[in-house]
Amino acid sequence: MAEGLKIEIVSPERLVLSETAVSVTVPGTEGYFTVMNDHAPFMTTLRPGFITVTKDAGASSIYFVRGGFADVSPEGLTILAEQSVPFSEFDHADLQTQIQSAQEELTRAESPEDKSYAQEVVSGLLNLAVEAQQINGAHVH
């Protein structure tokens, strides 16, 4: 393998990315984590968020991922995503629609369990919107 980490991001629709990087930061269910070459093998689930792929010259590219799995192996990092697109194709308007729908669902929730779940969904979507705005503000796309 060439020096660096082999990264592949695969969604049901297409192979989103296949290249070698210096590091990749990934939105794991338990929080963001960074993978570099020779990382210890592991597998984890992903939450909706943004993957940052840093190349040799320090330039980075960003990809949206909506759930899935990350598999770190001696061969590299494979992301099997429910949905993934380059940040330039990320649909900000659709995210706002999802937030509005989730807030309406929260208003309709009756049981404490339903309210708690609906609040988690709203909070997750709002956090995703904040992340997207920060990326836009940094002009990293």
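What follows is a chat about a predicted model of one protein chain.

Q: OK, what does the C-alpha trace span along its principal axes?
A: About 55 × 30 × 25 Å.

Q: Which domains is the chain divided into?
A: Domain 1 covers 5-88, and domain 2 covers 91-139.

Q: How far apart do their C-alpha centres lie?
A: The C-alpha centres of domain 1 and domain 2 are 23 Å apart.

Q: How many residues are in contact between them?
A: On the domain 1 side there are 9, and they are in contact with 8 residues of domain 2.

Q: What area do domain 1 and domain 2 bury between them?
A: About 630 Å², with 66% of it on carbon and sulfur atoms.

Q: Which residues in domain 1 lose the most area to domain 2?
A: Those are Phe50, Arg66 and Phe87, which together make up 67% of what the domain 1 side buries.

Q: Which strands supply at least two residues of the domain 1 side that touches domain 2?
A: Strand 6 (49-54) and strand 7 (60-65) each do that. The residues on that side of domain 1 split into 6 nonpolar, 1 polar and 2 charged.

Q: How many salt bridges are counted between domain 1 and domain 2?
A: There is 1 salt bridge between the domains. Elsewhere in the listing of such pairs, Arg47 and Glu131 have side chains that meet in a salt bridge, at 3.5 Å from N to O.

Q: How many salt bridges does the count come to overall?
A: It comes to 4 salt bridges.

Q: Where do Lys55 and Glu19 sit?
A: Lys55 is in the loop between strand 6 and strand 7, while Glu19 is in strand 2 (residues 15-21). The two are 36 residues apart, and the pair links distant parts of the chain.

Q: Changing topic, what feature does UniProt place at residues 5-83?
A: The UniProt record, an unreviewed entry, gives "domain: ATP synthase F1 complex delta/epsilon subunit N-terminal" there.

Q: What is that span made of?
A: Residues 5-83 are 0% helix and 68% strand, and the end C-alpha atoms of the span lie 22 Å apart.

Technical notes: Residues are numbered from 1 along each chain as its sequence is written. This is a predicted model: local features need pLDDT of at least 70, side-chain atom pairs count only at pLDDT 80 or more; totals for chains, interfaces and linings use all residues. Side-chain values use heavy atoms; hydrogens and water are left out. Domain bounds come from an automatic or database domain assignment. Contact means heavy atoms within 4.5 Å. Buried area is the accessible area (1.4 Å probe) that two parts lose on being put together, summed over both. Helices (H or I, at least four residues) and strands (E, at least two) are DSSP runs, numbered from the N terminus. Ala, Val, Leu, Ile, Met, Phe, Trp, Tyr, Cys and Pro count as nonpolar, Asp, Glu, Lys and Arg as charged, and the others, Gly among them, as polar. UniProt positions are given in the numbering used here, feature names are shortened, and annotations may be inferred rather than shown by experiment.
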